[in-house]
Amino acid sequence: MEIPVFIINGFLEAGKTTFIKDTLKSEDFNDGTRTLILACEEGEEEYDQAEMSLVTAAVEYIEDIEDVNPKMFSKLCDKYKAERIFVEYNGMWDLQAFVDKMPKFFQIVQVITLVNAETYDMYLANMMKVMMEQYKLAEMVIFNRCTKDSDRASYRRSVKAVNGRAQVYFESSDGSSNEINEVLPFDVDADKIELSDEDFGLWYMDAMENPQKYDGKEILTKAVVYKPKELWRNNEFAPGRFAMTCCVEDVRYIGFKCKLNEETKKTLEDYEDRDFIILVADCKNEFCKEYKGDGIVLYAKEIYPTERPKDDLVYFN
């Protein structure tokens with residue numbers, strides 16, 4: 001029998017214990033299902049066993065990730081006759097390593113990362129790589145304790161840069177709006193949008209999430225040439241940039257599919273992969289198999305030579 005597993009990830013004092021307790025008391029979960037909570041750290045908020053028994057839950061603490069193995073999980077499931085698992089995960093541990101040690105009958109239903117907005121900037125400045133690792137497997141990221149000064153747009157971009165499929169939510173502690181009023185550094189209302197070197201990452205992210213916003217627009221941008229064979233033989237290429245998501249080890253290439261006419265393909269023949277160009281192209285929101293759905297496809301109009309920028313990388317903030 002498969003056992004559903006919910007993993008609640010985040011740093012100490014992110015609100016994981018409170019989230020799990022509130023979830024188990026909710027109408028959707030307080031249904032008599034025997035729940036085992038695997039707590040991988042202890043914070044200020046604690047589990048009261050009498051309180052947990054009211055929601056048919058038991059708690060076991062795991063102090064060291066080295067103690068984790070399939071046999072341990074099976075033993076605990078048998079001990080408590082567990083029908084459902086909640087994992088309060090230690091944000092300093094490698095989540096993928098933990099998942100890899102789960103028995104085959106564990107079925108991960110959801111991974112949720114909780115973030116305390118009050119301390120987020122500090123963690124981002126001092127432990128960026130660890131912070132970003134928490135997003136990679138998450139299906140949902142919740143920023144709690146937000147105030148009117150919380151930079152929701154920046155927080156959301158930091159998540160999406162690492163995991164584009166994650167849903168990002170905000171919870172206010174002061175009654176302030178949870179809406180994101182993001183001001184982009186270029187005029188999205190203009191028919192012709194000219195991007196500066198450092199704005200490609202922001203445009204890429206916004207265009208991938210809101211392709212309809214750029215449908216019919218003309219874009220002028222500095223881009224890296226990338227001509228994979230499967231695209232080139234169809235008179236296409238993939239202009240883009242190398243982007244840093246959190247550190248040098250996590251640099252990745254981001255770009256769009258771009259269709260070439262006879263003139264622009266002839267021009268591009270003189271360029272090698274990783275050369276820089278100025279690209280003028282029309283944007284169309286259309287189905288693209290490479291995107292597995294609708295997205296921005298570029299139609300090259302003009303290609304010009306240009307110098308390599310001082311910083312080859314682009315960023316999402």
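Guide: Let us begin with a helix pair: R156, R157 and K160 in α7 meet L202, M205 and E209 in α8, where a contact means heavy atoms within 4.5 Å. By class, this contact has two nonpolar, no polar and four charged residues, with Ala, Val, Leu, Ile, Met, Phe, Trp, Tyr, Cys and Pro counted as nonpolar, Asp, Glu, Lys and Arg as charged, and the others, Gly among them, as polar. The model is predicted, with local features needing pLDDT of at least 70 and side-chain atom pairs counting only at pLDDT 80 or more, while totals for chains, interfaces and linings use all residues. Residues are numbered from 1 along each chain as its sequence is written, and side-chain values use heavy atoms, with hydrogens and water left out.

Visitor: What makes α7 roughly perpendicular to α8?

Guide: The axes of α7 (residues 152–160) and α8 (residues 200–209), lines fitted to C-alpha atoms over the stretch in contact, come within 11 Å and cross at roughly 80°. Angles run from 0 to 180 degrees between N-to-C directions, and those under 35 degrees count as roughly parallel, over 145 as roughly antiparallel, 65 to 115 as roughly perpendicular and the rest as oblique; α7 is therefore roughly perpendicular to α8.

Visitor: How do you know that C258 is in no disulfide?

Guide: A disulfide is a pair of cysteine sulfur atoms within 2.5 Å, and the structure holds zero of them. For C258, the nearest cysteine sulfur is that of C283, 9.3 Å away, and this is too far for a bond.

Visitor: Why are C258 and C283 called buried?

Guide: Buried means under 20% relative accessible area, exposed over 50%, and partly exposed in between, with a 1.4 Å probe and protein chains only. C258 has a relative accessible area of 0% and C283 has 1%, so both count as buried. Of the 317 residues of the protein, 50% count as buried.

Visitor: What makes a set of residues a nonpolar core?

Guide: Such a core is a set of buried Ala, Val, Leu, Ile, Met, Phe, Trp, Tyr and Cys residues joined through side-chain atoms within 4.5 Å. In the largest one, of 41 residues, I85 and F143 touch the most other members, and helix α3 (residues 70–80) gives the most to this core, with four residues. A second, separate core of 35 residues includes A243, I277, A281 and C288.

Technical notes. Helices (H or I, at least four residues) and strands (E, at least two) are DSSP runs, numbered from the N terminus.
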